[in-house]
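I opened the model to look up how its parts pack against each other. My entries follow the display.

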Amino acid sequence: MSRITPSLRRLLPMVLGCLALLVAGPTGAPTGLRAGVSDAGPDATLTLILRDIDNNKLDVALDRTNALLKAYPNFRLGWLIQGDLLLARARPLTTFGNVPEGGDRLRDLRLEAIARLKGYRNRPADTQVPRYLLQMEADQKYAVVVDTQRSRLYIYRNENGRPVFVADYYASQGKAGSNKMREGDNKTPLGVYHVTGFIPREKIGDFYGAGAFPINYPNEWDKREGKTGYGIWLHGVPSDTYARPPLASEGCVVISNQDFRAISGYMQAGRTPFIISDGVEWLSLDDWKSERTSLNATIEQWRKDWESRDTARYLSHYSKEFKSGNQDFAAWSKQKQQVNAGKDFIEVDLRAMSMFRNPGKDMVVVAFEQDYRSNNLSNVARKRQYWVREGSAWKIIYEGVAS
Amino acid sequence: MTSRRYKPVAACLPALFVVISVALSASPVAAAPEDVQNLIKQGQFTQALDRADRDLVANPKDRKTRFLKGVALTELNRLDEAAQVFLKLTEEAPELPEPYNNLAVIYAQQKQYDKAKAALEMAIRTHPSYSIAHENLGDLYTKMARQAYDRALQLDAANPSTQAKLGLIREIISVGTKPGAPAAATPPAAAVQPARPPVVAAAPTPAAPPAPTPAAPAPAAKPVPVPPPPPAAAPAPATRPIATPAPAPAEKPAVATADAEDDARKMVQSWADAWSRKDVKDYLAFYARDFAVPGKTSRADWEKERRTRIDKPGTIKVGLSNLRIKVDGDRATAQFRQAYSAPGLNANSNKTLELVRRNGRWQIQQERVN
């Protein structure tokens, strides 16, 4: 190969090197690498392969690719890279995925390569937490955060209320991207959701792979906003492939079957938060704590004001835009005034409280078990509230029984 | 490449790569294998096989005849038997590249690409410049790449064109040639690299050869198959005895190569001059973007270090002698003796620069002290 190889070696690095540059983070290196903690599937090896190519070690890259394909035989992107590395030994390459008739599938694999490398290289640091996971209740063992911009799904464990990074995975979303508005728009919704159940693979067929976890889209806020559609799931992939392109589904979040099985054990129907963002905001632990403390104080004030039976003070926590079912703020105020008039005492205890910030809009979804006691009525109910920021204050814009 | 160097064999017209040893037509003719060779050449493979078998009764060890038998068997699509013949030859005479090559051809037809690759690599190991093996290996990589792409894109791999058909060698011409021995002194690279041999689908009728016959005028103008006394160390472009004398690139590449060599020579001299002038900016500009920075430092650190060194007070003088340039397409190697003098340091060293030509400009990709 002394004659053929050297001159050809130049081109592939340039082609793939461009790809590497394209996806390099500001530092060019993974920021949040934690050895042994995360299983990022083939992405770690993929990153090494690209680095080898960048360093002109094509033989090493090819060996690595072969090993990768042994572990993930249906990893189409791996085959594409193997094709390039082999072809580079025969003739100069002009592009990544140097196959003329690739069409859409080739485009999709290129996008997948970029998404994987980007997601893997820009992983969050140990000291950062997603802003959304303000407070998990004790029964919520894990939380899912999806970043549609990075095509990435992150798993966090609840460690005494503090979210601790567990793993992250490449994830596909709707063909038309994110921010679902209506049925059939092929988009993935953005917001605070939770897993509502599990559908085993036998019931849905091979297309959904290892199974499905539906989520509660549209939630109360989505409905209020007039959003439509249904059947948004987290599910696996068909058995003939390892992954699907970044933009692939009709709105579902899709991960590889292997990854699906890896996280299945973390999912609790009706409990596990599932938050989808188009660009996760990461906070330092200090900032995260202060947001959490101030919100807790606000909610505690609302509880106390309710117990005080001073209806005006209690209602000061509600937005003028408040709506719950058919009740708007005026109807809600009237009802509360009437109810409070008949009370000698009110005691409210809030338990098992969770608080999740909504991606984008300044809004927090709060859920708790409400233990209400008064002279003429007592009950325990699971409630959900949506708090929004109005000026410098947090106000309740929705309140209802959690389904 | 005199006719003595290559044992007599007839020109042949393979179905795919036209493999013609220009020296052959003038060769004296040895009796028995030549007859088999002729029958193969005429496409009479069954007769060739019969004849070879008969000859082998009298002379069972004759490698040339056995080789031709393997060729006939391959042509008759009796691949397993052919593979046996070639395999045996590789065991007995591992120094011959041809049996390895043909073994690879058979493996590739059977889609055993990894085995084909290994066999070709052996062929190349025995003869680093064995061009058809290089070409076959290139083709093989293309096929393997194709296979990978098909899996990547879920394309239908049943496409018949995806079957690997590599160039079968129909004659042993390396016998008696020491691997790596001869090399052309005149810039052979460009002249010897006349694109790839054309792929010819024509039937192998001897009457209408689809490619230049050995008698074609082209070879006369070419330095190709006649290696003059050579620097023995440069085996690469040398033993390309079966390079197709493609008519076109005979003259021009040689000229282009001469120009390229001249340019490279000038570049190396300018590099030494910039260094002597202590013109760091000019000096660094001679290094390619992908220059192999020595040691484990980054390009930036290396540049910084060079700058500091060169910027030191006092004059620097860099003299070059015995500058030799070897061009191979867009790559070249420059070797010379470097006399470096700076305050407190005089050093003579033998240096090698690996050059690469980009946008018509030669640049340094690697710098080694020998």
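Predicted model: local features only at pLDDT ≥ 70, side-chain atom pairs only at ≥ 80, totals over all residues.

**Entry 1: a helix pair in chain A**

I looked up which residues of α3(A) meet α4(A). From α3(A) they are A:T45, A:L48, A:I49, A:D52 and A:I53, and their counterparts in α4(A) are A:L58, A:V60, A:A61, A:R64, A:T65 and A:L68. Sorted by class, this contact holds seven nonpolar, two polar and two charged residues.

I then checked the geometry. Helix α3 of chain A covers residues 43–54 and helix α4 of chain A covers residues 58–71; they pack at an angle of about 160°, and their axes are 8 Å apart. Angles over 145 degrees count as roughly antiparallel, which is why α3(A) is described as roughly antiparallel to α4(A). The crossing of α3(A) past α4(A) is left-handed.

**Entry 2: the sheet in chain A**

I traced an open sheet of five strands in chain A, in the order β5-β4-β3-β13-β7, and its pairing is mixed. At the edges I found β5 (162–170) and β7 (191–194) of chain A, each of which pairs on one side only. From one strand to the next the twist averages 25°.

β7(A) is joined by four bridges to strand β13 (residues 273–277) of chain A, and the two run antiparallel. Within that pair, A:V192 has A:I275 in β13(A) as its bridge partner.

**Entry 3: the sheet in chain B**

In chain B I found an open sheet of four strands, ordered β1-β2-β3-β4, with antiparallel pairing. β1 (317–328) and β4 (361–369) of chain B are at the edges with a single partner strand each, so one side of each has no neighbour in the sheet. The twist here averages 25° from one strand to the next.

β1(B) pairs with strand β2 (residues 331–342) of chain B in the antiparallel sense, over 10 bridges. I marked B:S321, which stands opposite B:R337 in β2(B).

**Entry 4: where the chains touch**

How many residues of chain A are in contact with chain B? I get 22 residues of chain A, against 20 residues of chain B. On the chain A side, α1 (4–9), α5 (76–90) and α6 (103–121) each supply at least two residues. α5(A) gives the most to that side, with nine residues. By class, the side of chain A that touches chain B has 11 nonpolar, five polar and six charged residues.

Conventions. Residues numbered from 1 in each chain as written. Chains lettered and ligands numbered in written order. Contact = placed C-beta atoms within 7 Å. Nonpolar A, V, L, I, M, F, W, Y, C, P; charged D, E, K, R; others polar. Axes fitted to C-alpha atoms, helices over the stretch in contact; angles between N-to-C directions. Parallel < 35°, antiparallel > 145°, perpendicular 65-115°, else oblique. Left-handed = near helix turned anticlockwise from the far one by under 90°. Pairing = 2+ DSSP bridges.
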